[in-house]
Amino acid sequence: MKISDLPFEQKPREKAIFYGIDTLSDGELLAILIGSGTKGKSALEIGNELLFEYQNLYLLSKENFSNLKKHKGISLANSLRLEACFEIAKRINKNEKIFLKQLFSPEDVYKLYSYLSKENTEKAVLVLLNKKRCIIKEKIIDGKYTSSVTITAKEIINEVLMSNAFYLVLIHNHPNEDCNPSEDDNIATEYLLDILHTIGASLFDHIIISSDFYYSYREHQKLPKIGNKTKN
């Protein structure tokens with residue numbers, strides 16, 4: 001049966017518009033992504049067939065788009081659209097574990113980014129926080145971060161202003177296993193302090209991670225004091 005022949009309240013798009021997207025079944029959600037059916041088969045029927053074949057959305061999301069397009073009624077564009085949707089869902093799930101997480105101390109930062117200790121080359125992460133010290137954005141930077149060519153003042157200002165960030169954290173690793181700051185690290189810290197001061201933001205910390213531990217500029221009292229917050 002064509003979707004156009006269904007009662008109004010059973011049409012996926014109309015149902016989503018008038019009753020909310022969360023009222024749709026898995027098959028109806030797939031039908032909206034598929035868009036249109038083929039001769040003798042509606043998008044809703046194709047969606048339900050996919051669910052029957054793969055059992056659930058999770059197992060369907062694991063399928064490669066090259067195999068999806070082999071299914072009758074799934075074009076290359078449809079298979080890419082489905083794969084894009086599942087990839088977005090994966091990234092949202094990944095981001096949920098990081099973003100809006102509050103950072104109260106250098107140790108909190110270290111626990112979240114300790115994976116940098118396993119890197120064989122130097123990498124850096126700029127982390128942007130709101131006033132409550134929740135992560136709102138992160139920017140991963142490969143290579144020597146202290147170069148003004150790699151991280152320009154304009155780039156930092158744009159990142160802070162576009163994210164409406166209040167604090168910034170710089171984290172990077174030392175592959176040589178020594179977490180003590182170098183002269184370049186000190187220069188980078190002063191560089192960030194000067195830039196952030198001009199736009200009313202603060203450097204929450206600069207943390208250096210090695211295979212054994214970490215070094216925090218804030219813990220070593222090398223940064224201006226910021227307002228103390230306690231966990232609620």
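## L203 and its surroundings

L203 touches L168, L170, T189, L192, L193, L196, R218 and L223, leaving aside residues up to four places away in sequence. The model is predicted.

The largest nonpolar core has 20 residues. L203 is among those with the most contacts inside it, along with I156, V160, L168, L192 and L196. Five elements each supply at least two residues of this core: β1 (123-129), α8 (153-163), β3 (167-173), α9 (183-198) and β4 (202-209). The largest share, four residues, comes from α9.

A second, separate core has 18 residues. L103, Y113, L129 and V169 are included in this second core. In soluble globular proteins, nonpolar side chains tend to be buried together.

## Strand β3

How many residues of β3 are buried? Seven of its seven are, and the strand is mostly covered. Y167, V169, I171 and N173 point one way from β3. L168, L170 and H172 point the other way. In a regular strand, side chains alternate between the two faces of the sheet.

β3 pairs with β1 and with β4. β1 and β3 run antiparallel, joined by six bridges. Here V169 is the bridge partner of V127. β3 and β4 pair in the parallel sense, over seven bridges. L170 stands opposite H206 in β4.

## A nonpolar patch on the surface

I17, F18 and Y19 form a nonpolar patch on the surface. Together they have about 400 Å² of accessible area. F18 lies in helix α1 (residues 12-19). Why does F18 count as exposed? Its relative accessibility is 56%, and exposed means over 50%.

Conventions: Residues numbered from 1 in each chain as written. Predicted model: local features only at pLDDT ≥ 70, side-chain atom pairs only at ≥ 80, totals over all residues. Heavy atoms only, no water. Core = buried A, V, L, I, M, F, W, Y, C linked by side-chain atoms within 4.5 Å. Buried < 20%, exposed > 50% of the residue type's maximum accessible area, 1.4 Å probe, protein only. Contact = heavy atoms within 4.5 Å. Patch = residues over 30% accessible without salt bridge, like charges linked within 9 Å, V, L, I, M, F, W, Y side chains within 5 Å. Areas by Shrake-Rupley, 256 points an atom, 1.4 Å probe, with all protein chains shown as cover. Salt bridge = Lys/Arg side-chain N within 4 Å of Asp/Glu carboxyl O. Pairing = 2+ DSSP bridges.
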